[in-house]
Amino acid sequence: MQPRTLALLVVILPLLASNGAYLLSAYEGFVPWCMPYIDGCTTISQAGRSGNTIFFYRAVVFTYSVLLILFWLYSTSWLDLLHGHTTKIARIIFWLGLAGSIALLIYIDFLGTTGEINHFMRRIGAMLYFTLTPLAQSLMLNQHYNILRKKPEVSIKPKVLQYQLIILLLMFIIGAISIFLAVTDNNTYEIENIVEWNFSLLLTLYFSGMIFIWKDYRHV
């Protein structure tokens, strides 16, 4: 599988998983009809584990998690290619991305199960995925900016990097607002859900920039 195709899949699959799961669960009557990104009427997990939707959600998220591991492996090779040699930062990005992907696998493996330990595993899996993946994305963006300054001839469009920077800034703002509301005890069930849906969307949209960055990249 070539990198550009892989980047396309890691955008499509999580969008299909969350939005498809919500539509299926709402259709079956397990969650209310709403605009979850605006209304926050349900969590992604609740939509994903309801009724028969869990089989669809698990299959798509599991596939996405495995492909995400491959994505970070390709990213390492890509950065080494741009630098012209193996770099420590590329390995750090890979291990952060790998850990985040494995955390997502843990989350999906325990989804739909009961018990305090299983609940803890789901929460820790989701927390690590939503923490380590944006960190890997931020470091990768920083590397692209550094490489572009040193080698302006590389096929990386500054506008794509600006797009990814805006995505990361929005994620940071959403996270900061969420923490502020939690600390000031102004958080609600709906607000938490709105944060979850939109943060997840932004995390996925970051990868769409790689479709353009990897337009001519071929992995041998």
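In this predicted model, the axes of α4 and α8 come within 13 Å and cross at roughly 45°, where axes are lines fitted to C-alpha atoms, for helices over the stretch in contact, and angles run from 0 to 180 degrees between N-to-C directions. The helix names follow DSSP runs numbered from the N terminus, with helices (H or I) needing at least four residues and strands (E) at least two. The two helices α4 and α8 are therefore oblique to each other, on a scale in which angles under 35 degrees count as roughly parallel, over 145 as roughly antiparallel, 65 to 115 as roughly perpendicular and the rest as oblique. In passing α8, α4 makes a left-handed crossing, a term used if the near helix is turned anticlockwise from the far one by less than a right angle, with clockwise giving right-handed.

Residues are numbered from 1 along each chain as its sequence is written. Because the model is predicted, local features need pLDDT of at least 70 and side-chain atom pairs count only at pLDDT 80 or more, while totals for chains, interfaces and linings use all residues, and side-chain values use heavy atoms, with hydrogens and water left out.

The contact of α7 with α8 is made up of 19 nonpolar residues, 5 polar residues and no charged ones, where Ala, Val, Leu, Ile, Met, Phe, Trp, Tyr, Cys and Pro count as nonpolar, Asp, Glu, Lys and Arg as charged, and the others, Gly among them, as polar.

The loop between α7 (158-183) and α8 (189-213) holds D185, which has a positive phi of about 60° although it is not a glycine. D185 counts as exposed because its relative accessibility is 67%, the classes being buried under 20% relative accessible area, exposed over 50% and partly exposed in between, with a 1.4 Å probe and protein chains only. Between the C-alpha atoms of D185 and I106, which are 79 residues apart along the chain, the separation is 30 Å.

W78, in helix α4, is buried with a relative accessible area of 4%, and its C-alpha atom is separated by 9.3 Å from that of P3, 75 residues apart along the chain. M171, in helix α7, is buried with a relative accessible area of 3%, and the C-alpha atoms of M171 and Y217, 46 residues apart along the chain, are separated by 28 Å.

The last topic is the largest pocket, which is lined by 48 residues, with R123, A126, M127, F130 and E196 lying nearest its centre. Elements that give two or more residues to this lining are α1 (3-27), α3 (44-49), α4 (53-83), α5 (88-110), α6 (116-150), α7 and α8, and the largest share, 14 residues, comes from α6. By residue class, the lining divides into 31 nonpolar, 12 polar and 5 charged. On a 1 Å grid over the protein atoms alone, a pocket is an open set of points where a 1.4 Å probe fits, with protein on both sides within 12 Å along at least five of seven lines, and lining residues have an atom within 4 Å of a point.
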